[in-house]
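The following account considers side-chain contacts in a single model.

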Amino acid sequence: VFSTDGKLVDVPLREKCYHDELDRDSLSLKTIRVESYRGFVFGCFDETAPSLEDFLGDWGWYLDTWMVGAGEGAELVGPPMKSILKCNWKVPTENFVGDGYHVGWTHASALHVLGGELGGLAGNQAEMPFDELGIQVTTRHGHGFGVIDNAAIAIHAKRDEYAKYMEETIPKVAENLGEPRAKLFNGHWNCSTFPNCSFLYGTNIFKV
């Protein structure tokens, strides 16, 4: 049993199993560094690691596209869905940072159903202007993302209200953050903040 400050205050059967010789002070919970960026809280066990601001570096400029946006910020709504992936932690991280190849095969049936802007990606057989489709960015410390331009609403089958929201919001983002990030705001992103904070902007799914 731990107290609210992390100290180990009791252990079941402490006297019978440990003969009351357990050094509880040495078994307290480890203190972690906690810092926040735009309201998102990050923890780190390494006291020698750089600050969160330095660790994010240029990646923060891209994150602000949707974390700041038109100035209203972002909010995660729940409840969360929990699942366990039986794989090395690097696999989903790398997948979100830049594995664009899997989309056409893994999500082919969904892309066929959606049609529209993303439908042509199904099976990776489409004759699409890939040089003009979007961008791929990797920054220091392993953060990165891929963006399909003008596809923020593409994943939404019932998109009228979302399209209206984007139409009203993009000019505000341009005024607040400039045209380059307004263009990013209107894209569909696959991203990872290294090592384990991944999200799909446009689909609007956040994974940790």
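Is arginine 38 buried, partly exposed or exposed? With a relative accessibility of 47%, arginine 38 counts as partly exposed, where buried means under 20% relative accessible area, exposed over 50%, and partly exposed in between (1.4 Å probe, protein chains only). This is a predicted model, in which local features need pLDDT of at least 70, side-chain atom pairs count only at pLDDT 80 or more, and totals for chains, interfaces and linings use all residues. Residues are numbered from 1 along each chain as its sequence is written, and side-chain values use heavy atoms, with hydrogens and water left out.

Side chains of opposite charge can pair when their charged atoms come close. The whole structure contains 4 salt bridges, each a side-chain nitrogen of Lys or Arg within 4 Å of a carboxyl oxygen of Asp or Glu. In one of them, arginine 38 meets aspartate 64, with the closest N and O atoms 2.9 Å apart. This pair links distant parts of the chain, 26 residues apart: aspartate 64 belongs to helix α3 (residues 59-67) and arginine 38 to the loop between β1 (33-37) and β2. Helices (H or I, at least four residues) and strands (E, at least two) are DSSP runs, numbered from the N terminus. Aspartate 64 is buried, at 10% relative accessibility. The charged end of arginine 38 also sits over the ring of tyrosine 37, 5.3 Å from its centre; the criterion is CZ of Arg or NZ of Lys within 6 Å of the ring centre and within 35 degrees of the ring normal.

A further salt bridge joins lysine 183 and aspartate 149 (3.8 Å, N to O). Lysine 183 lies in helix α9 (residues 179-185), and aspartate 149, 34 residues apart from it, in the loop between β4 (144-148) and α8 (160-177).

Aromatic contacts may be taken next. A search of the whole structure gives 15 aromatic pairs, defined by rings of Phe, Tyr and Trp (its six-membered ring) with centres within 6.5 Å; planes under 30 degrees apart count as stacked, over 60 as edge-to-face and the rest as tilted. The rings of tryptophan 189 and tyrosine 201 have centres 5.4 Å apart and planes at 65°, so this pair is edge-to-face. Because tryptophan 189 lies in strand β5 (residues 188-193) and tyrosine 201 in the loop between β6 (197-200) and β7 (205-207), the pair ties together parts 12 residues apart in sequence. Both residues, tryptophan 189 and tyrosine 201, are buried.
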